[in-house]
Amino acid sequence: MGSRTKTPRLPPRWFIRLVWSLHRGAYGALGGRIGLWRPRARRWGALRLTTTGRRTGRPRSVIIAYVEDGPRLVALAMNGWGAGEPAWWLNLQTHPDATVDLVGGRRPVRGRAATGEERSRLWARWREIDTNLDAYAALRPTGTAVVVLEPRPAD
């Protein structure tokens, strides 16, 4: 039997947004004691990314999925597989310096898009976690950026 990918099916957009809001709310209400986890062999982790708003200049935080690539953290700018770029990615493009909160503490990072061979390698890494990755990505009218969060010295 060959490997088959399922036709991607997403919950309604309102449900995706509700789950994001509940996750963020639980993280905040419980002082960060739940809501973040480390990635495992075939499972992504969750981190809290704080960027600088591209229009307001104010801190903006979001919880996103990530995998590790050595000391670097790698996320997909997928916006729940919906249209448009996620605000956190637009913010990073304007202000690349950010911070991440991980299970082990806070870390300063600088965000950038992976390109070329690096992007292909990191996309393949995400594909190991979700065999339907390409089918989900095809639901978006534009490409999905692979975002690398590189360590940077503390300010």
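Visitor: What must DSSP find before two strands pair?
Guide: Pairing rests on bridges between the strands.

Visitor: In strand 4, which residue is the bridge partner of R48?
Guide: This is a predicted model. Strand 1 covers residues 45-52, and strand 4 covers residues 97-102. The two run in the antiparallel sense and share 3 bridges. In strand 4, R48 has as its bridge partner D101.

Visitor: And in strand 2, what is the bridge partner of R48?
Guide: Strand 2 also pairs with strand 1, again in the antiparallel sense. That pairing holds 8 bridges. In strand 2, the residue bridged to R48 is I63.

Visitor: Which residue takes a positive phi in the hairpin of strand 1 and strand 2?
Guide: Strands 1 and 2 form a hairpin with 6 residues between them. In this hairpin one phi is positive, near 75°. The residue is G57.

Visitor: How many residues of strand 1 are buried?
Guide: Buried means under 20% relative accessible area. Strand 1 is mostly covered. Of its 8 residues, the number buried is 6.

Visitor: D101 forms a salt bridge with R106; is D101 buried or exposed?
Guide: The closest N and O atoms of D101 and R106 are 2.7 Å apart. R106 is exposed, at 59% relative accessibility. D101 has a relative accessible area of 8%. The cut-off for buried is under 20%, so D101 is buried.

Visitor: Which parts does the pair of R121 and D69 tie together?
Guide: The side chains of R121 and D69 meet in a salt bridge, 2.9 Å from N to O. They are 52 residues apart in sequence. D69 lies in strand 2, residues 59-69, and R121 lies in helix 3, residues 116-129. So the pair ties together strand 2 and helix 3.

Visitor: What is the N to O distance in the salt bridge of R72 and D69?
Guide: Both R72 and D69 are buried. Their side chains meet in a salt bridge. From N to O, the distance is 2.2 Å.

Visitor: How many salt bridges does the structure hold?
Guide: The bridges of D69 to R72 and to R121 are among them. The structure's total is 10.

How values were computed
Residues numbered from 1 in each chain as written. Predicted model: local features only at pLDDT ≥ 70, side-chain atom pairs only at ≥ 80, totals over all residues. Heavy atoms only, no water. Salt bridge = Lys/Arg side-chain N within 4 Å of Asp/Glu carboxyl O. Buried < 20%, exposed > 50% of the residue type's maximum accessible area, 1.4 Å probe, protein only. Helix = DSSP H or I, 4+ residues; strand = E, 2+ residues; numbered from the N terminus.
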